[in-house]
Amino acid sequence: MTSEGIGARVLRKEDKRFITGNGNYTDDVKLPRMGYAAFVRSPHAHAKVRSIKTDAALAMPGVDAVLNGHQLVADGIGNIICGWMIHSKDGSPMNMGQWRALESETVRFVGQAVAVVVADTLQQAMDAAEAVEVDYEELPVIVDSRDALKEGAPQLHPEAPGNLIFDWEIGEEAATNAAFDSAKTIVSMDIDNNRLVPNPMEPRSAVASFDAAEEHYTLYTTSQNPHVARLVLSAFYNVAPEHKLRVIAPDVGGGFGSKIYIYPEEIACLWASKRVGRPVKWTSDRTEAFLTDAHGRDHHSTAEMALDENNRITGLRVNTLANLGAYMSLFSSSVPTYLYATLLSGQYNIPNIYANVKTVYTNTTPVDAYRGAGRPEATYVIERMMETAARQIGMDPADFRRLNFVTEFPHQTPVIMCYDAGDYDASLNAAMKAIDYAGFASRRAQSEANGKLRGIGMSCYIEACGIAPSQAVGSLGAGVGLWESAEVRVNPVGTIEVLTGSHSHGQGHETTFSQLIAERFGLPTDNVAIVHGDTDKVQFGMGTYGSRSGAVGMSAIVKALDKVEDKAKRIAAHLMEASEGDIEIENGELKVAGTDKKLSFTEIALAAYTAHNLPEGMEPGLKESAFYDPTNFTFPAGTHICEVEIDPDTGKVEVVNFVAADDFGTIINPMIVEGQVHGGLVQGIGQALLENAAYDEDGQLLSASYMDYTMPRADDVPSFKLETTVTECPGNPLGMKGCGEAGAIGSPPAVINAITDALGVEDFAMPASPSRVWQALQQKGMKEAAE
Amino acid sequence: MYETTYHKASSVSEAVDLLKKADDGKLLSGGQTLIPTMKQRLAAPSDLIDLRQIDELKGISRQSDGSIRIGAATCHADVAGSADVKEALPGLAALAGKIGDPHVRHMGTIGGSIANNDPAADYPSALLALGASIETNKREFTADDFFTGMFETALDEDEIVTAIVFPATEKSAYAKFPNPASRYAMAGVFVAKGANGTRVAVTGAGQDGVFRVKEMETALNGSWSPDAVASISVSADDLISDIHGSSEYRANLVTVMAKRAVAAA
Amino acid sequence: MGQVTMTVNGKTVSGTVEDRTLLSTFIRENLALTGTHVGCDTSQCGACLVHVDGKAVKSCTMLAAQANGGAVTTIEGVGTPAELHPVQKAFKENHGLQCGFCTPGMIMSAIDMINRLGPNLDEDTIRHELEGNICRCTGYHNIVKAIKQASEEMADVLEAAE
């Protein structure tokens with residue numbers, strides 16, 4: 001390998017365009033004759049649409065059209081789908097309400113689009129959108145999922161009686177109940193997971209154009225998975241057949257899950273571009289993003305843990321109520337089920353687990369996968385329980401975890417997952433050492449001397465990444481296969497293009513994927529171009545989410561590289577009259593082992609394309625593709641330890657120390673992996689300390705801008721100390737596990753465990769805003785005074 | 001934003017003329033509140049009269065009586081960085097350095113801030129605590145008379161703040177607890193001891209905007225120490241309560257910030 | 001509608017725009033300098049930062065008309081791919097960016113910060129000064145490192161010049 005191979009801290013190839021202002025994001029795209037779209041959105045959380053009057057808007061300067069849902073339906077545009085079928089425990093399929101890109105009958109959340117205006121300029125479109133008169137008849141509203149199932153609650157969808165989407169279960173109920181019957185200790189808690197807004201810094205955007213002569217559409221869009229977008233737009237929304245629709249996701253400014261889905265605005269822009277006969281651009285403003293980007297989390301759970309006389313866990317019982325908002329978004333049903341309850345075993349040997357999950361409709365923004373998707377919720381439940389149980393039985397939280405760790409692999413949990421490899425002791429030890437766990441008592445004393453409260457908390461998380469294999473996810477209800485594809489195209493001059501179905505929106509694929517080629521052929525990464533994000537260029541792909549681009553996307557590249565290497569060696573052997581088995585590749589050259597005979601990679605590539613002298617029967621060219629379908633999920637795991645200091649006068653929490661010790665298996669570029677962890681940690685700390693999507697009882701989102709939704713800023717968080725331990729993943733050729741979500745998964749319980757430690761309370765709901773922390777201290781003070 | 005007509009005024013009198021001629025004109029200074037409000041279509045002035053380039057509204061000067069005169073169109077960064085202000089009124093310099101963020105401080109002006117009188121703005125507390133006077137194109141106000149309620153001032157429609165004069169002050173300090181999201185004050189307490197006596201003014205917490213805490217002032221007159229105010233709390237009844245904190249929490253913050261401001265002065 | 005003329009990255013430019021046109025819109029739409037981004041509606045995220053007359057301001061919270069006659073520097077005027085500004089170089093060397101969307105604003109903020117506060121900035125100062133810039137990808141860790149490195153390198157440059 002070269003200095004740019006696997007494990008090297010190669011600086012990013014993509015950076016130059018971003019740091020000089022030369023990135024190319026969707027809103028930077030400008031097409032000739034382009035018009036601008038503005039959406040007319042519901043100001044009500046639940047209302048019947050009596051009428052939509054467009055005359056005044058149509059008469060305004062520059063306005064091309066005002067389009068509504070009746071026209072959309074008449075043109076045959078299909079309803080928005082949920083791509084993962086979940087069956088209730090009684091066997092019935094989930095109750096899915098109709099969701100149209102433009103709603104003309106009943107609106108069910110504030111911000112839902114009812115019409116779209118296209119005009120010459122954005123300001124004209126916005127002026128006209130305001131002039132569209134919609135007559136609403138307000139209906140009663142549900143915001144809190146706990147109200148949705150109540151008798152007499154307002155009904156959102158006729159398809160979902162009682163607002164219940166499904167009532168699903170996993171695990172053995174009877175065996176779990178038996179474990180509780182014979183338990184020495186039972187720990188029980190109510191655990192909430194607060195609703196979050198993903199907030200990638202680039203707001204969503206779409207530029208759609210229609211070529212009438214070719215009956216062909218092009219869509220530039222902020223997508224994490226352009227091929228999936230094309231598939232869904234074609235197969236379900238009936239915009240155009242796949243060969244008549246090109247989807248391009250150019251530079252995308254962060255996704256965190258929220259750019260997986262195909263939203264009403266993209267559908268409407270495509271449809272409108274044909275209707276008005278000109279390209280149509282829409283770019284979300286931040287308020288629209290708060291109202292319409294799929295939200296994350298929003299669970300209410302009760303959890304119980306059974307322990308035997310040796311403090312070993314014998315059972316876990318969890319009831320969860322998940323709020324999916326007003327409609328079922330693309331993967332919304334999988335998040336609180338197979339991405340959540342299958343991880344409830346954590347890093348622990350728990351022989352009996354039973355979970356019941358009910359999902360409901362409410363008059364809030366739809367909820368779907370957000371960084372971690374289900375796994376942060378599971379980790380929060382299990383790690384809050386572990387901490388609380390340890391305190392209840394008077395055991396050191398680290399010792400209690402260690403006692404219950406899974407230590408032998410493969411390990412089959414009672415909730416589907418089979419952990420393939422790991423060393424949980426190793427990451428716990430590394431984290432405790434890095435944070436100087438033993439020295440905490442003296443640091444706490446120091447804080448107390450300064451009038452501050454100090455606490456420490458840990459979280460030993462496990463997650464399942466890769467979201468695969470296809471056959472397995474298919475059997476669980478997924479509507480798509482979850483493999484990945486790659487094509488390695490060696491040019492006649494020996495440079496290489498790698499076409500991948502993964503999509504980079506901050507992950508640095510152009511660099512890490514190039515490192516695979518450096519590793520394999522000893523070529524500089526500068527000789528490699530990574531091509532992604534365009535359905536006309538790339539064969540097919542499932543996109544980037546669930547920390548899958550390494551474990552699945554790069555594995556596909558490796559499979560294609562195997563084929564390229566094989567063919568290159570055969571050509572080399574033929575040209576140098578050696579046996580194939582004697583050909584070695586080093587520093588961009590193919591050599592005959594034990595001789596000084598060699599040919600450069602460029603010479604081999606040229607030979608493949610000139611085809612003057614190839615082995616008998618060999619096709620010319622040097623280009624190979626592969627579709628890779630993994631054999632299992634991957635299981636990144638690790639320990640996060642957080643140390644906080646609290647100002648009791650104001651309730652302000654400061655994270656003073658944070659250590660993450662992670663096992664991601666093989667790491668291609670440590671610099672990029674560290675960056676992923678830093679970002680994930682701050683999203684997790686943000687959830688624990690700062691962020692909350694708050695609705696009032698009328699369904700208005702109170703935190704609909706950065707004035708009220710607390711985004712983590714630089715002075716809210718510390719610098720981090722990261723440690724790495726490695727057990728290779730046996731399930732893929734590189735031994736990779738994935739690192740994109742771990743930070744957001746492991747950190748929230750570590751933070752809250754530290755805060756509850758500092759405060760000396762058990763129960764505490766995220767986010768730990770200063771006022772809530774202060775309130776908790778007041779209540780504790782009153783309680784203690786009363787005792 | 002609705003369409004509007006922009007005018008750049010080069011003198012106060014020209015600005016007044018432009019304002020009189022406009023249907024529904026508004027003065028634009030730094031624009032750090034007005035422009036976001038217009039972007040959200042919550043304000044629709046027919047005309048904007050830009051004061052930022054008017055030389056007579058700019059600058060900070062130390063006057064012979066020791067007072068500091070700050071032109072209304074002086075930006076927060078200039079107040080925060082002024083050697084004169086830092087020396088004479090360290091609390092005011094510190095306050096200006098905590099408004100918004102560095103980029104907002106390059107645009108936002110003291111005149112714009114006080115004329116808007118946002119209940120969470122920082123400056124009103126300093127004006128009230130320091131007993132500042134507000135000069136306009138028509139007259140002069142005391143700070144006590146100027147701030148009349150949430151987003152309300154005693155200014156006439158065609159009246160322009162031209163300068164703020166802060167009397168020499170023995171001690172001054174500002175302690176602010178920012179709203180975690182907006183970073184506006186959830187409770188900002190300015191304490192001062194000077195020609196106008198001892199004053200304590202609170203911003204960010206009150207439903208009607210900035211207010212003084214007379215009980216704390218009396219206590220500090222007796223003894224200038226954090227302990228003097230530690231047991232004095234304002235009534236939560238008139239304080240803001242929202243998703244970021246209850247009125248009781250804000251009442252607590254007022255006491256805590258008052259203590260810290262006194263300690264810092 | 002009105003005519004605005006200003007110097008942008010050293011070049012005199014002008015355009016006829018509605019008076020309500022924001023400086024960010026003028027830069028992106030009229031001048032096609034798309035490195036300046038818009039990430040929020042409330043003047044908080046800082047993706048739109050440019051320098052006007054030498055000071056960092058939020059171009060989404062300023063009318064183009066207000067910048068009439070002024071000198072504007074955008075990210076495109078800071079350095080070139082061939083010749084990076086020390087802050088740009090430090091962002092690359094420290095992995096101070098991921099999706100790149102907030103990055104132009106971060107860089108404009110960092111340059112302004114170093115200009116105002118001098119070189120050799122400490123971590124607390126940098127974190128505090130970044131109050132007006134939001135990043136969702138990096139967790140700020142490497143942005144802080146990058147600005148610290150750049151502030152040290154710029155100290156060396158200044159020292160060498162003396």
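The model is a predicted one, in which local features need pLDDT of at least 70 and side-chain atom pairs count only at pLDDT 80 or more, while totals for chains, interfaces and linings use all residues. Residues are numbered from 1 along each chain as its sequence is written, and chains are lettered from A and ligands numbered from 1 in the order in which they are written.

Helices (H or I, at least four residues) and strands (E, at least two) are DSSP runs numbered from the N terminus. Among the buried residues of helix 3 of chain C are Thr103(C), Pro104(C), Asp112(C) and Ile114(C). The end C-alpha atoms of this helix are 20 Å apart, which agrees with the 21 Å that its 15 residues should span at 1.5 Å a residue, the expected span being 1.5 Å times one less than the number of residues. Helix 3 of chain C is followed by Gly118(C), whose phi is positive, near 80 degrees.

Chain C as a whole has five helices and five strands, arranged along the sequence as β-β-α-β-β-β-α-α-α-α. Its C-alpha trace spans about 45 × 35 × 25 Å along the principal axes of chain C, and buried residues make up 63% of its 162 residues.

The contact between chains C and B takes 23 residues from chain C and 21 residues from chain B, two residues being in contact if their C-beta atoms, placed from the backbone, lie within 7 Å. Strand 4 (55-58) and helix 3 (103-117) of chain C each supply at least two residues of the side that touches chain B, and strand 4 gives the most, with four residues. The table gives the classes on that side, with Ala, Val, Leu, Ile, Met, Phe, Trp, Tyr, Cys and Pro counted as nonpolar, Asp, Glu, Lys and Arg as charged, and the others, Gly among them, as polar.

| Class, side of chain C that touches chain B | Number |
|---|---|
| Nonpolar | seven residues |
| Polar | seven residues |

Technical notes
A residue is buried if 20 or more other C-beta atoms lie within 10 Å of its own, exposed if 12 or fewer, and partly exposed in between; C-beta atoms are placed from the backbone.
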